[in-house]
Amino acid sequence: MISSTSQQRPLLQLSGVAKNFGSQIALHPVDLTVDQGDFLALLGPSGCGKTTLLRIIGGFLTPDSGRVIIDGSDATALQPDRRQTNMVFQGYGLFPHMTVRENVAYGLRIARYPADKCMKEVGAMLEMMRISAFADRLPAALSGGQQQRVALARALIMKPRVLLLDEPLAALDLQLRKTMQTELRNLHREIGGTFICVTHDQEEAIALANRIAVMNAGRIVQEGSPKDIYQRPRDTFVAGFIGDSNIIALERRSGECRLGSTIIHSPGPDGRVAMMIRPSDVQIQETRPVGDYCLSGQLEDAVFMGDYTKLIVSTETGDTLTARTSRNECESIANTPGKRVYVSWARDSCQIVEQA
Amino acid sequence: MSRQRTLSLVGAAPSYLVWLAFFLAPMAYLFVVSFWRVRQYRLISDASFDNYILAAGEYRHAIIFTIALAGLVGIITTVFAFALAYLIRFHAGRYGDLLLFAAMITLFGGYLVKIYAWKVLLGSDGVINQALLSTGLIAQPISWLLYSPIAVVITLVHFLLPYALLPINAALRGVGDAAVEAARDLGARPIRILIDVILPQCERGVLTAFALSFFVSAGDYVTPQLVGGPETFMVGNFIQSQFVNRMNSPVGAALAFVTLGITIVVVFLASFAYRRVLKACAP
């Protein structure tokens, strides 16, 4: 049976794309498909190969092997100017000697658009990105957020099939970054395009994208929806990289892991694994609770974080666990360091992940 | 005046003093002298324009020839320097610094060594003529290679190239990779990127390189003397002769100031033209 989804052709398809820089492996063979309308985040620490992958998609790097297929046709050997992709560069790469309007119009003028049509399209784009008021200023006279919008406008006016964004918000301060995240999301929804964004900020990836590919050491480690990746990380690397998490190394023997007196069932081969639990799923009590997984321990520290308080406990097993407690919850127990407490969590809130 | 300001003025005083002693005072003195005259080998203070009239009249041809030749040297040197700096910035990768160093190291050889080297290369029995003769391309040595304006241009370009390379190299380093790649991404071919993105951002560096090589060439008198032959006289030679042989520093000073004035105008025109030409070439 052929399902309707398998008939739908992915907009972008990478198969076995690999890249070395000299003896340095930047990218192991990578497979990736991106559908029309996706907002994909390539997420990973610096040096994980995410920018290399983005630059291969944009045509700025040629892969050593593998193929890049855009909209059904092989684009592997195509130069950036011949691809239906456009990029918003890290640091924007605005032309400093051109006004905002000239920057945005540049691509159309290179494509020899008639002057009146060019003017009209640029005007509409400036309007959409809300930068009409600065149209005749030079980039240096704009704030970071405004420059970001100019860079977006300059790329979007080319009507790319895929818009590539290289750390688009990295240069902005925290407040502005939050605002621009929302704007970028809205923009994606409005124009219904396909965006691929490189970022090292997991919060940004979760806030922006409908799909995340987590990368590490030149490989895509896990790919899926933000919720998927947050709730079911594949290994300790993903678990540690996405959101806060407690990771406790365990040994698996014949489908069981032992943590203190607790036994956690986990099918799989014997060997070193880890238990992952989010700090917000950990409870701390003064009396031993019944039912759930539980460890006794000593309160090491209580760190006030504003919205919540972070309690750090060293457990009887010699591990350190962090719990996130609401203000009220925290006040209910006297958090003097050294105090004897019980940490507990629900069976289904923890999971066994592979060691990265 | 506050104590703070007095202190900062005192602190800056040595700098002002150097500037005054080395630049302002000699220029001012020479400028005043250019309105004086000489009688029986003695300077007499005056306020006449005779020296300038003489410079604009009798020496007009020498000045025009000098400006033309220096302009040619300036343009060739700047174009060559830009080509080298472009190579260093965009194509040489990590060998860029090595190329720059190789160009700079020729400065240690000194000025006269270069001139004599060209004498050896360009002469009738020099390396170039010998090579051409042996290949049979010419039957007789090319006599106008040495002791001609061409020899002056070649020698000056070679001498000035490392100096012109520095400001252009600095300017090209200021051109961001992202802007160049963005232009490429938006469909611009390499020549368009050069005209639309790179050259406008290098205006200051390119014009500095041109001005430097143009000014030095316009004021040079050693190169024409050694490789220019008996008929190549640049205004520097006349200035030297006024100061040294004829002991007439007022005329020499007037000649120097006329040349300086014209060269400054030329550089201003060049900077004006630079923008206009790039604008005219825009898509």
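Welcome to a predicted model, in which local features need pLDDT of at least 70, side-chain atom pairs count only at pLDDT 80 or more, and totals for chains, interfaces and linings use all residues. Residues are numbered from 1 along each chain as its sequence is written, and chains are lettered from A and ligands numbered from 1 in the order in which they are written. Helices (H or I, at least four residues) and strands (E, at least two) are DSSP runs, numbered from the N terminus.

**Domains of chain A**

- Chain A is assigned domain 1 (8-231) and domain 2 (244-354); such bounds come from an automatic or database domain assignment.
- The C-alpha centres of these two domains of chain A are 40 Å apart.

**Where the chains touch**

- On chain A, 21 residues are in contact with 15 residues of chain B (contact means C-beta atoms, placed from the backbone, within 7 Å).
- Two or more residues of the chain A side come from each of β6 (85-88) and α3 (100-110) of chain A, and α3(A) gives the largest share, four residues.
- By class, the chain A side has twelve nonpolar, seven polar and two charged residues. Here Ala, Val, Leu, Ile, Met, Phe, Trp, Tyr, Cys and Pro count as nonpolar, Asp, Glu, Lys and Arg as charged, and the others, Gly among them, as polar.

**A helix pair in chain B**

- Helices α3 (residues 60-91) and α4 (residues 96-105) of chain B pack with axes 8 Å apart, at an angle of about 150 degrees. This is why α3(B) counts as roughly antiparallel to α4(B) (the term covers angles over 145 degrees).
- From α3(B), Leu84(B), Leu87(B), Ile88(B) and Arg89(B) meet Gly96(B), Leu99(B), Leu100(B) and Ala103(B) of α4(B).
- This contact has six nonpolar, one polar and one charged residues.

- Side chains alternate along β11 (residues 246-253) of chain A: Asn246(A), Ile248(A), Leu250(A) and Arg252(A) point to one face and are buried (20 or more other C-beta atoms within 10 Å of their own).
- β11(A) runs antiparallel to β14 (residues 271-277) of chain A, joined by seven bridges (pairing takes at least two DSSP bridges). Leu250(A) stands opposite Val273(A) there.
- β11(A) also pairs with β12 (residues 256-259) of chain A, antiparallel, over two bridges, and Arg252(A) has Cys257(A) as its bridge partner in β12(A).
- Two residues lie between the strands of this β11(A)–β12(A) hairpin, where Ser254(A) takes a positive phi near 40 degrees.

Conventions: Axes fitted to C-alpha atoms, helices over the stretch in contact; angles between N-to-C directions. Parallel < 35°, antiparallel > 145°, perpendicular 65-115°, else oblique. Contact = placed C-beta atoms within 7 Å. Buried ≥ 20, exposed ≤ 12 C-beta atoms within 10 Å, placed from the backbone.
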